[in-house]
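Hi,

Here is the structure I promised to hand over. My notes on what turned up in it follow below.

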Amino acid sequence: MKSALKGERINICVLGRMNVGKSTIINKLFEQGVSIVSDQPGTTTDPVQKRYEMIPIGPVTIYDTAGYDDETKLGKERIKSTLKVISKSDLAIIVLDQKGLLDVDLSYIKKLEKLKIGYIIVCNKLDLGKANKKTTEFICQKQNLICFSNKEKNGNILKSEIIEHFKNQKIDNNFIVKDLIKSNDVVVLVMPQDSAAPKGRIILPQMQVIREILDQKAIGVCCTDTELKKTLSKLSNPPKLVITDSQALDRVMKIVPMEVNLTTFSTLFARYKGDIKALLDGIKAFRKIKKTDKILIVEACSHHNTDQDIGSVLIPRMLKKYLGYEPLIATTSGDGFPNDIDKYKLVIHCGGCMITRTEMTRRIKEYQNRSMYVTNYGLIISEMNGQLDRMLRVLKGKLS
């Protein structure tokens, strides 16, 4: 459970005003002292995460957040962190106390509804007083009311509600490569080991693809781009599919015969993690880009950049060469977005291997709501190499 991939977990955030008992609710849910509890308001500062195996829905991450009614200067910064957690959440638990439903609670419920995030409302501390009429009437219109008192020792009722919520969600058979290959098919993975590759291990997208190949009882062959020609010559038959790292595409496409399906890890992740149709619309917008249009390159995770970094070095260099001029480019990484994000015409996003599909699709939707276009690393590199149609060939019939 602890080794479950971060980008494959269900994220649940616990929200509420200061001192309503959010941390207490989490402890009841886990039936152990996971979060620090105190009568002192503001005990929880930055969001605290706890990993948990919730049978039968699988691995989840629970986020304990700071009170969203903290109006201090520091509190406003904490609320920004809470909003970041909300943006990546699949479900929210809103905790109220005996004061019931206040305006600030309603404002956060509206935020969740706008983002289409499901939520469960918990009334806590009911041994200290009954929930007011406004609260019960509101919840009756929305969903069942879950009530706790400080005397109760477990969170089985809440746990059942969480399980029921996800049991009712439509679960897609969402694969990276598994539905594109059959048992005994040979798949060649081209994995350059340059200065940007992590020492002693392979990167997450490559690891996930290898696992799906094994699950499908297919045969995976790994090599670097410099050994690709020799690798193909040693196979008795052409491979079913070749998958390459995007930054080696220009070299790989010269080696792999046209009749062999070729694509990139990032192209596969465009389908697996997000809305590939929206990302392809971003390619159409790129074809009409102007000198005055600003481009934002986004990494979902923070890492140490090298002189071979794909987002901050290689793609800007390729854009300049392809467009024939120095484009207006900014780069960002991590959870947040620049405050002036609306000034950008096009977003070029990483494959999103370290974030959930929920968060990736929500990011894409946010760009669209701001009349911005978005694509990803692999798709735009394929476009600049004149190979996008070839990269998408293996997905024929899978994009509807």
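Let me start with a salt bridge: Asp342 pairs with Arg370, the closest N and O atoms being 2.9 Å apart. I use "salt bridge" for a side-chain nitrogen of Lys or Arg within 4 Å of a carboxyl oxygen of Asp or Glu. Asp342 sits in the loop between strand E12 (328–333) and strand E13 (344–349), and Arg370 in the loop between helix H12 (357–369) and strand E14 (373–376), so the pair ties together parts that are 28 residues apart in sequence. Asp342 counts as partly exposed, at 48% relative accessibility, and Arg370 is also partly exposed, with a relative accessible area of 32%. The classes are buried for under 20% relative accessible area, exposed for over 50%, and partly exposed in between (1.4 Å probe, protein chains only).

Before you load it, note that this is a predicted model, where local features need pLDDT of at least 70 and side-chain atom pairs count only at pLDDT 80 or more, while totals for chains, interfaces and linings use all residues. Residues are numbered from 1 along each chain as its sequence is written, and side-chain values use heavy atoms, with hydrogens and water left out.

The overall picture

The protein chain has 14 helices and 14 strands; these are DSSP runs numbered from the N terminus (helices are H or I with at least four residues, strands are E with at least two). Of its 400 residues, 49% are buried. Taking contacts between residues at least 6 apart in sequence, 76% join residues at least 24 apart, where contact means heavy atoms within 4.5 Å.

Together with Asp105, they are linked in a network of salt bridges.

Lys80 is partly exposed at 49% relative accessibility, and Glu77 is partly exposed at 44%.

Helix packing

Helix H2 (residues 73–87) packs against helix H3 (residues 103–114) at an angle of about 35°, with their axes 11 Å apart. For the geometry, axes are lines fitted to C-alpha atoms, over the stretch in contact for helices, and angles run from 0 to 180 degrees between N-to-C directions. Ile79, Leu83 and Ile86 of H2 make the contact with Tyr108, Lys111 and Leu112 of H3.

Why is helix H10 (residues 276–286) largely enclosed by the rest of the structure? Eight of its eleven residues are buried, including Ile276, Leu280 and Phe286. At the start of H10, a side-chain oxygen of Asp275 comes within 3.2 Å of the backbone nitrogen of Lys277.

Asp309 is buried yet has no salt bridge, and Arg317, the nearest side chain of opposite charge, is 10 Å away. For charge, Lys and Arg count as positive and Asp and Glu as negative, while His and the chain ends are not counted. The side chains of Asp309 and Ser312 are joined by a polar contact of 2.8 Å. A polar contact is a pair of N or O atoms within 3.5 Å; within protein, one must be able to donate a hydrogen and the other to accept it, and residues adjacent in sequence count only if both atoms are side-chain atoms. A side-chain oxygen of Asp309 also reaches to within 3.3 Å of the backbone nitrogen of Gly311, at the start of H11.

The buried residues of H11, among them Leu314 and Pro316, are covered by elements including H10, E11, E12, E13 and helix H13 (377–384). Just after H11, Gly324 takes a positive phi of about 85°.

Finally, Leu392 lies in helix H14 (residues 388–393) and is buried, at 14% relative accessibility. Not counting residues up to four places away in sequence, Leu392 touches Thr267, Ile276, Leu280 and Leu379.

Best wishes
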